[in-house]
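Student: I have a structure to go through with you. Could we discuss it step by step?

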Amino acid sequence: MSENIQETIVELINQASLYGKDSVRVQHLRHVQELILRKDPSLLDNFLEEVLGFQTDKSPEVRKTIISFIEEACQHDPEVIVKVIDSLRLLLYDDNVLVQKRLIVSMITIYRLTLKWLSKSRLVDENVRSMWESMVNMKIHIIAMLDSDNDGLRTVAIKFIEMLALVLSRRTSDSIIPTSNEQDFSLNLLQDDHRILRRNKLEQEGKDVMEKLLEFTLSQHLSSVNLIAAMGAIANIARQRPDYMSRVVQTFEALQVNLPPTLVDSQVSSVRKIIKLKLLSLLKHPASFDFQPQITTLLTDLGATQAEVLKHLPKVPAESKRKITLSNSEINTKKPKMTIDDTSIFDKDDSNSSISGKGISTSGTHGSTMSSTSTSPSSPYPQHQTAIDITAADLVGKLSIGNVVDLVLVSMFLLPEKMPASFQATYTPIAAAGTPAQIEHLARLLGAQLTAAGYGKGYELMKSQQQAKPKIDDDIDEGKPIASIAGIGRDDLFPSSSADVEGKPMLPSTSGNELSDMPSTSAGITTMSTIPSVQQKKMKPFKLADAIKPIEYDEMQRMSTDSFYRILHAEDVCETAGVGHVRKKTMTSLVCLSERSFRDIYEDYIFADVRKRHDLAFAWLYQEFVYANGYLSILDPNKRKDFTKYDDTLCRLLEYLQEKPDQRDGLATIYTAVNGDIKRVILRVLENPVRDMGMGSAEILKLVENCPKGAETLITRIIHILTEKAPPSRELVEKVRDLYHKRVSDVRFLIPVLTGLDKREIISVLPKLIKLSPPVVKEVFNRLLGLNSSPETSHASPILSSELLIALHQIPSEECELKTTMNATTLCLNERSIYTHDVLAIVIQQLVDISPIPVLFMRTVLQALSFYPKMVGFVMNILQRLITKQAWKQARIWEGFIKCCQKTRPHSFPLLLQLPPPQLKHVFQTAPELREGLMRHLHSMSIGQRSLIPSSILTVIEDNSENVAPEIRIQTVPIPSLTSHEQ
């Protein structure tokens, strides 16, 4: 059985290795996974390496399947983690985001399994230590993905941090653990003397990642997806680790009044609903008893009804109720008495502000003592004051009716004219307005906003305490979190001396018994009030200026130059380490930002081996272009575009190439290797260097002769620049002609040297030239006709203007479409300064002698007549010759003949009388208006003149029949109509 499975696995792996559809290959790998891990796990060691070989496959789906295999293999045998850790690390840095997300999801399970396996394993070797070090590095990298630009990566990073906060903390008796997670690892399972895992260090690490997650939840630039995931994570953590209940409730409290401004109205509504659901789930938790006033007030603001709140309240055992009652009586006897003014605000509406039978009271006494900043002796989770607590306590006494009215009146000026739809949809009337609990809640809301903005008594006190906090011994400071100025992200303590508390209403106090019963540390946090024996040494703040000496300018220049040289010569080291792109970016940035110091060094370094380092030159040009356009405006936002340095750099690089003939051919090689943007830059800046070199340069002739494949456009541009203001040299013409006939068949190569070719060569390539784009054809005619040239740069063309037009008429339709030839002849005829009356007469005279007559002949005659109406007499002679040549045998010529007769009447009437009767009858059929004109012409003739006209012609003229000879119908084919300009 096992042998059959092995053979099947080998066959499936071989089939998955073949390139085919990704879905089929994934199916094969999943079948392999099922056979190995579910049917015969003993084969895992035999085929693990073969399966891991697919981790570098090009298909993301295949790589995701390998991650799934690794995860299941680790679940089956945790010792496999040591063997697959390198594969996990490779896949974590995958280029595909979907692969990264799948890996992080698997890491949630694998990291939990690793801790559980290590906690039970007593054998720790170097491989295990190396594996744990890699696991720690991967964990740090995943946590850093909270700052990723991808929403999906941030979401799975949140789930990973949720797992960290749970496994790096202790379970308590009040922890509510889902059934599926009952066997998960927690610090309760870790022994103190473990060789790798340190419980205190891991516990502190768990607190740090929890604080990071809470701070992330309160970020002002979160998407709704990330925010919802973060809220679900912290609520789940609070249910399974009640020690974090206070921090989570405070976070929801701050979040409710400081939602990210990036959310749209629908997202705000969804987030508020989710906050409500999470708070209701927390309210069910037994450990939420101390925070019920805060949670219920928040739920009321979020639109929860009293029935919903009562439904989710936890049941408190009778023993707990007795302890709470005893605690309250002790607090009332031992705490400092409040003044009449301070306590008067709590004496109103006490009888109506309690929820009977559920252990919740919003009265003054209970509401003040059961806030998030109070500590009940019966509660195993002591809580401490934050900046929000201090600011809220300071605000309670100041929220008098007069002050609140003033705040409302001042805010009226900032209200919009129309009530926003989102406010109208989410507004909930305040059910207990004016009660002490509502005043305290309002103070906490204002405290959260003031603290987030950097104001308030709590913010200032925490800030001063943070700055003045001395450094204490490591054994006491170990595990202590960093204080948060805002008080939102840290569990820092506020000294609870009686001097600080006395006289401040609503600020919770701690009785002497509670202090004596409270342990010195809680969950690894050491308080300032519980370590009076520690001597707080006054430390002098460190100043960098006191520890360094000023350096002379010349010495700084020498050190910076030496550093730059070290970067230049670190090419091999950087390439080996895979950071060559970082080195290139660093060097180009330094060169661009320096005025002159590094530029000469960099140029010498590049041109020492330009074939190998040409990418540095183009990276430098690109960076200069970026700075010139002002894309990097961080240095000077008001800086305007300045291409001075860019132009200077480009010219220097090209001049350097000119100074080194042995490396100049590298320009063509480089041109073929770079992208389109850099090619356009090269073509744009070639003009000055190439013109300075001249067409007699042996290097340019050599470059044309040895044109690399892909550099045709570059060579064409160089030849264009050289021949723009001077005729091409004989050597250049020979090189281009040879290149065209032997290697490059693109006719555009010949355009710059057309005037150097003979007439026969020009006529032979004319059909290919006129097929190019209209601007290019225009340039061809300009060169051949000598247009756009100054007197000093003009030169004789090998072909006359009349010869060019005649050659166009003689292009066969098999070589070029008739429409293309028509467009080319129109371009020529539009040049009135070249094709004058006399030139056109020569062209028409020569064309009419060609047999058969060119198809476009009559079109050219009509255009010439429209340009020069005085040619009508010459045109009549041409029509006379067409009659003798029997023009009606060529359909297009005959149709053009009739159109010309129409256009030249009455001059054409004597000519019509010379036509044979069938042809004349066809003329009348095509152009009936000519019959009437011809009849008037006959009537104007004398009797002697009319007697000379054959009777058969007179019969055709006087006969108004519509019959046309069949042979004439067959021979007549319409020719293209003339444009309005041509007519």
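Student: Which ring does Arg 832 lie over?
Tutor: Arg 832 lies over the face of Phe 867, at 4.1 Å from the ring centre. A charge sits over a ring if NZ of Lys or CZ of Arg is within 6 Å of the ring centre and within 35 degrees of the ring normal. This is a predicted model, in which local features need pLDDT of at least 70 and side-chain atom pairs count only at pLDDT 80 or more, while totals for chains, interfaces and linings use all residues. Residues are numbered from 1 along each chain as its sequence is written, and side-chain values use heavy atoms, with hydrogens and water left out.

Student: And what sits over the ring of Tyr 605?
Tutor: The charged end of Arg 613 does, 3.9 Å from the centre of that ring.

Student: How many aromatic pairs are there?
Tutor: A search of the whole structure finds 8. Rings of Phe, Tyr and Trp (its six-membered ring) pair if their centres lie within 6.5 Å; planes under 30 degrees apart count as stacked, over 60 as edge-to-face and the rest as tilted. One of them, Phe 625 with Tyr 646, is edge-to-face, with 5.6 Å centre to centre and 65° between the planes.

Student: Where do Phe 625 and Tyr 646 lie?
Tutor: Phe 625 is in helix α31 (residues 610-628) and Tyr 646 in helix α32 (residues 644-659), so the pair ties together parts 21 residues apart in sequence. Helices here are DSSP runs of H or I, at least four residues, numbered from the N terminus.

Student: Which residues do ring pairs link into a cluster?
Tutor: Phe 564, Phe 598, Tyr 602 and Trp 620.

Terms used. Helices (H or I, at least four residues) and strands (E, at least two) are DSSP runs, numbered from the N terminus.
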